[in-house]
Amino acid sequence: MELNAKIPPGPLKDKWSFYKDHAKLVNPANRKKMDVIVVGTGLAGSAAAASLAEMGYNVKSFCFQDSARRAHSVAAQGGVNAAKNYKNDGDSVYRMFYDTIKGGDFRSREANVYRLAECSAQLIDQAVAQGVPFGREYGGYLNNRSFGGVQVSRTFYARGQTGQQLLLGSYQALMRQVAAKTVKLYTRHEMLDVVVIDGKARGVIVRNLDTGEIERHSAHTIILATGGFGKIYYLSTLAMGCNASAIWRAHKRGALMACPSWTQVHPTSLPQSGDYQSKLTLMSESLRNDGRIWVPLKSSEDRKPNDIPESERDYYLERRYPAFGNLAPRDISSRAAKERIDAGFGVGPQRNAVYLDFSKAIKEQGKGQIKEKYGNLFDMYRKITATDAYVEPMMISPAAHFSMGGLWVDYELMTTIPGLFALGEANFADHGANRLGANSLLQACVDGYFIAPYTVSNYLAGEIKSERVLIDHQAFIDAEVQVRAQLSKLLETNGTKTADYYHKTLGKLLYDYCGLSRSKKGLIHAIEEIKKLRADFYKDLKVPGDEDEMNGELEKAGRIGDYLEVAELMCLDALTRDESCGAHFREEYQTPEGEALRNDEKFCFVSAWKWQGEGQEELLIPEPLHFENVELAVRSYK
Amino acid sequence: MKLYLKIWRQSDAASQGKLVDYELDNVIPHMSFLEMMDTLNEELVLKGDRPVEFDHDCREGICGQCGMMINGQAHGPIANLTTCQLHMREFKDGDTIYVEPFRALAFPIKRDLRVDRSAFDRIIMAGGFISVNTGQAPEANGIPITHEQAESAFDSAACIGCGACVATCKNSSAALFTSAKISHLAKLPQGKMESRKRVLSMVKQMDEENFGHCSNTEACEVECPQQISVLNIARMNWEYSLSSVLKK
């Protein structure tokens with residue numbers, strides 16, 4: 001099997017225009033006859049559903065939350081990037097493209113990344129038109145802040161709730177279409193399988209989480225916008241319900257998974273405080289605009305932070321990366337924190353944190369200024385820790401965050417199953433081996449608003465002759481039987497351990513062996529342990545209740561069953577990549593200074609994995625990356 | 001610490017619910033309230049009992065999915081906090097805690113502490129948006145909006161749709177929720193054009209959903225995790241009167 005990314009011809013800056021000029025169209029009368037299913041109502045899902053419905057397609061939209069407005073895009077804090085160059089600081093589409101390619105450690109496709117930067121300005125226009133209240137200067141024009149890994153200010157923000165405000169914009173656009181009856185919305189529905197007929201995606205099996213009822217839905221095309229799976233680490237910045245099930249089940253039906261081990265570990269989350277903990281709360285990267293990161297110079301320091309004099313503090317990011325300082329990219333900042341913590345300089349009761357200090361900024365700018373920029377983040381910090389960060393530095397620690405990996409997609413965002421698209425964090429496309437801050441909201445929005453309407457139409461233009469599939473087709477019956485069998489299996493085990501036990505055990509394995517640093521020995525060990533844990537899961541799991549009712553434990557168990565398979569592929573993916581790049585840091589491959597050592601000769605490719613059946617090792621299908629516009633350079637922020 | 005819990009259990013909308021007693025040992029003050037509930041559920045599952053169903057997702061106070069009446073207060077004893085941000089250090093050893101769902105005619109109970117808040121979605125459907133299609137947007141800086149205007153619109157737009165305002169209101173009024181969206185959009189030049197039609201349509205939908213009327217007790221603002229101001233309600237009333245008069 002050869003992977004074809006379907007990159008349009010021509011120079012880099014003209015590729016997307018070329019595509020749009022030549023994409024096939026569906027005439028308005030025919031659009032009404034075509035059904036589109038969108039799974040997920042985060043930024044990518046609701047933007048795609050609303051945009052396609054505005055065009056005239058029949059859309060069905062699904063989410064597991066009780067309202068489309070609660071999808072986890074809502075939690076993104078800091079901002080969204082766009083190459084508007086409003087700050088007159090030398091920004092351009094090309095520079096944004098280069099920053100993103102370099103930020104991803106040269107492991108993404110040039111054409112995709114360029115398109116992301118190209119569409120970024122349009123997104124700000126769209127969001128403002130929807131009523132997103134971005135931060136403004138006193139003259140009435142839009143303001144920007146800086147984010148990690150770049151030297152310009154291109155991040156637009158709505159205080160520390162940018163994700164919420166962008167999502168409300170797309171949610172409202174979606175609800176407008178629901179009211180117009182062009183979208184039928186199914187909340188509290190979870191997708192459990194994709195139905196493939198004659199090689200094409202033609203439907204989904206979903207479970208109504210309120211009643212337990214299994215439903216079949218058919219369409220001409222299926223769009224998965226189901227987000228990332230960082231929750232696989234159990235302790236993460238993600239919402240409790242975030243999961244890999246939709247994309248994993250699509251994977252088992254033939255969609256390739258790309259680089260699943262590339263998980264971003266966010267440097268500024270609240271540290272773990274005990275075993276009962278269910279999540280790690282993120283503190284926005286925007287705080288690093290004004291906050292300085294440090295640890296004591298002395299290991300096992302017992303003095304309070306404010307009692308440690310300036311001369312006994314180690315501002316290690318400023319020391320190691322003077323050019324970018326506290327705004328070094330996330331992978332680098334997280335690893336630098338881990339290095340200090342592992343060396344015994346960590347702070348806090350568990351010695352697992354570093355300080356994020358605002359005293360200098362407060363002294364220079366005044367408390368009022370800092371409060372206006374980050375007020376809600378300081379409030380959130382106080383609510384959780386009962387500490388006032390205006391007086392004492394915050395304590396922060398790295399935590400699993402974003403999945404750069406996901407379903408492999410081509411330039412059209414289509415997976416290897418024709419008619420099945422993957423948008424937003426659910427796909428592997430633009431971020432390479434490390435995502436820059438404020439690029440996730442951007443990618444989700446651009447995929448949903450500006451790319452899917454063209455590429456989905458281009459696909460549907462070839463389907464106007466295909467009849468609506470009836471849901472009593474044998475493929476639907478077979479898929480439903482499989483889904484029901486899986487649910488019964490979880491309920492019938494009747495063992496002695498809860499689903500959370502397995503999730504926590506798995507999460508710890510992944511943090512230890514497939515987290516911030518990885519080694520051959522550790523990964524081989526982890527794969528063995530994951531196999532054992534999975535076998536135990538199906539022997540000793542306990543799920544009370546029935547499948548034909550609301551059953552939160554059954555939902556959880558289903559997702560963890562999938563995680564136990566995803567985790568093994570993550571470790572295999574990390575094990576077979578004998579280099580360090582971005583978030584993937586193999587201990588065997590580093591420079592004498594401890595920086596990532598890429599191997600462009602052997603590993604300048606995307607690892608796409610093909611499911612080979614239960615118990616079989618997955619097949620690696622590489623997609624070589626070609627760089628025609630940028631030179632593969634050593635990624636330095638020094 | 002040890003806690004005595006009285007939790008509302010109800011199998012579905014049609015059945016009768018009741019408070020059930022539970023005892024929980026080894027509660028740690030650093031735990032969040034929902035982590036305490038997780039611990040209880042873990043015990044129930046291991047005993048083969050049905051765990052307590054409750055709504056939650058992001059656990060950082062922004063998705064708006066969690067919400068319980070804790071000792072009779074929406075989101076518990078601390079003002080301007082979601083349930084997921086409440087920590088056990090606010091309680092003491094030996095406390096008895098009553099945990100009930102948000103109660104309102106417009107929020108039918110689905111099971112235990114989970115309620116149906118889809119009425120909020122239908123209020124938004126009635127006009128809580130700006131009618132702009134993808135692709136129609138003009139250049140973002142083409143519409144200057146003063147700093148104060150943008151900040152004020154943000155204050156209204158910050159609502160997370162949790163429903164605490166309804167749960168705490170003696171009339172089960174959704175005035176704070178509805179007015180926050182009306183104000184957010186009306187305060188911006190982009191949203192102003194449709195504001196007259198919007199307020200009439202959203203208020204009508206609010207009434208049809210069986211929410212009560214606002215009688216200005218201002219309890220909603222006290223409980224609101226985002227500190228949405230009751231001035232939004234005053235603004236909605238003004239906008240509503242104006243639109244009704246001008247319609248005639």
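Which residues in α5(A) meet which residues in α12(A)? The legends below get to that. This is a predicted model, in which local features need pLDDT of at least 70 and side-chain atom pairs count only at pLDDT 80 or more, while totals for chains, interfaces and linings use all residues. Residues are numbered from 1 along each chain as its sequence is written, with chains lettered from A in the order in which they are written.

**View 1. α5(A) against α12(A).** These two helices (DSSP runs of H or I, at least four residues, numbered from the N terminus) pack at about 80 degrees, their axes 9 Å apart (axes are lines fitted to C-alpha atoms over the stretch in contact, with angles from 0 to 180 degrees between N-to-C directions). That makes the pair roughly perpendicular (65 to 115 degrees). From α5(A) come Leu116(A), Cys119(A), Ser120(A), Gln122(A), Leu123(A) and Gln126(A), meeting Leu442(A), Gln443(A), Cys445(A), Val446(A), Tyr449(A) and Phe450(A) of α12(A). Contact means C-beta atoms, placed from the backbone, within 7 Å.

**View 2. α3(A) alongside α12(A).** Here the axes come within 8 Å and cross at roughly 30 degrees. So α3(A) runs roughly parallel to α12(A) (under 35 degrees). Residues making this contact include Leu43(A) and Met55(A) of α3(A), plus Tyr449(A) and Val456(A) of α12(A).

**View 3. Chain A meets chain B.** Each chain puts in some residues: 64 from chain A and 64 from chain B. Elements giving two or more residues to chain A's side include α3 (43-55), α5 (110-130) and α12 (440-461). The top contributor on that side is α6(A), with 9 residues.

Note on methods. Two residues are in contact if their C-beta atoms, placed from the backbone, lie within 7 Å. Angles under 35 degrees count as roughly parallel, over 145 as roughly antiparallel, 65 to 115 as roughly perpendicular and the rest as oblique.
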